[in-house]
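Please look through the model below alongside these notes. The points are numbered so that each can be checked on its own.

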Amino acid sequence: MEEKILIIEDDIDLHFILCKMLRKHNYIIQSAYSGREAEQLIQQNHYDLILLDLMLPEVTGEELIKIIRKEHTVPIMIISAKTHIEDRVSALENGADDYLMKPFEQQEVLARVGALIRRYKQFSHQQEENILTFHQMKLDIVAHECSVNGQKLSLTSKEFELLRLFLQNPQKVFTKEQLYQKIWGNDYIIEDNSINVHISNLRKKIKEFDMEKEYIETVWGIGFKLKST
């Protein structure tokens with residue numbers, strides 16, 4: 001997939017050079033010539049990288065970094081004529097990922113752009129693997145948290161592991177024997193009603209924040225699975 005870059009630079013000649021260079025290497029480019037214009041574009045689009053000048057009309061680059069970092073993790077690469085160490089340190093501390101001073105070599109720009117996008121994609125992929133979603137549910141494996149419609153569920157460790165198993169295997173029907181072995185680590189005892197109780201409790205907790213959808217389906221005579229529709 002082609003990567004999308006937003007260039008925020010009010011120098012028209014330099015802006016043209018950056019656009020031409022990056023398009024030549026198959027990047028999709030969008031342009032902003034002021035901080036205010038950039039704000040609107042960032043609200044409306046997803047980018048893999050932002051190239052940002054600091055000395056911009058309306059909203060400065062320094063202000064724009066702080067605005068972006070309130071909601072987005074997209075990498076920000078500063079390309080600026082400001083050469084003082086204080087400016088570079090301040091930009092990086094406020095959330096910029098890289099700082100390149102003008103004038104620059106095109107090969108260095110391309111190398112830094114490629115490196116930032118590769119790291120961002122790797123980070124995004126890792127984040128996606130740690131966050132499981134289904135309907136209005138979000139399960140954060142690392143934080144060990146679950147929410148439905150933005151409302152956090154209070155789950156036992158077994159309830160969390162049951163949801164994790166279901167979300168990681170959305171098409172699979174699990175028998176009670178399989179659930180017991182995977183979650184409890186023991187052989188299933190027919191008289192044990194633990195699984196039914198945990199499933200019932202999960203349904204009640206989910207239903208509290210999403211009345212419209214059923215999340216866990218009973219497959220009669222077999223077991224349980226995520227409800228596909």
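1. Strand β11 is joined to strand β12 (residues 223-226) by four bridges, and the two run antiparallel. Strands, like helices, are DSSP runs numbered from the N terminus: helices are H or I with at least four residues, strands are E with at least two. Two strands pair if DSSP finds at least two bridges between them. Within this pairing, Thr218 has Phe224 of β12 as its bridge partner.

2. A word on the basis of these notes. This is a predicted model, in which local features need pLDDT of at least 70 and side-chain atom pairs count only at pLDDT 80 or more, while totals for chains, interfaces and linings use all residues. Residues are numbered from 1 along each chain as its sequence is written, and side-chain values use heavy atoms, with hydrogens and water left out.

3. β11 and β12 belong to an open sheet of three strands, ordered β10-β12-β11, with antiparallel pairing. Its edge strands, each pairing on one side only, are β10 (174-175) and β11 (216-219). Helix α6 (residues 157-168) packs on this sheet and touches β10, β11 and β12. The direction of α6 makes about 65° with that of β12. Contact means heavy atoms within 4.5 Å; axes are lines fitted to C-alpha atoms, for helices over the stretch in contact, and angles run from 0 to 180 degrees between N-to-C directions.

4. Four strands form another open sheet, in the order β6-β7-β8-β9, and their pairing is antiparallel. Here β6 (131-134) and β9 (151-152) are the edge strands, each pairing on one side only. Two bridges link β8 (residues 145-148) with β9 in the antiparallel sense, and Ser147 has Lys152 in β9 as its bridge partner.

5. Helix α1 (residues 12-24) has 13 residues and reaches 18 Å from its first C-alpha to its last, close to the 18 Å expected at 1.5 Å a residue. The expected span is 1.5 Å times one less than the number of residues. At the start of α1, a side-chain oxygen of Asp11 comes to within 3.1 Å of the backbone nitrogen of Asp13. Just after the helix, Asn26 takes a positive phi of about 70°.

6. Which residues of α1 are buried? They are Leu14, His15, Leu18, Cys19, Met21 and Leu22. Buried means under 20% relative accessible area, with a 1.4 Å probe and protein chains only. An α-helix has 3.6 residues a turn, so residues three or four places apart point the same way.

7. Cys19 has a relative accessible area of 6%. Cys146 is also buried, at 1% relative accessibility. A search of the whole structure finds zero disulfides, a disulfide being a pair of cysteine sulfur atoms within 2.5 Å.

8. Leu51 is in strand β3 (residues 49-52) and is buried, with a relative accessible area of 2%. Not counting residues up to four places away in sequence, Leu51 touches Ile5, Leu6, Ile7, Ile8, Leu22, Met77, Ile79 and Val113. Leu6 lies 45 residues from Leu51 along the chain, yet their C-alpha atoms are separated by 6.2 Å.

9. Asp53 sits in the loop between β3 and α3 (61-69). Is Asp53 buried or exposed? Asp53 is buried, its relative accessible area being 3%. Leaving aside neighbours within four places in sequence, Asp53 is in contact with Ile8, Glu9, Asp10, Gly61, Ile79, Ser80 and Lys102.

Notes. Buried means under 20% relative accessible area, exposed over 50%, partly exposed in between (1.4 Å probe, protein chains only). A polar contact is a pair of N or O atoms within 3.5 Å; within protein, one must be able to donate a hydrogen and the other to accept it, and residues adjacent in sequence count only if both atoms are side-chain atoms.
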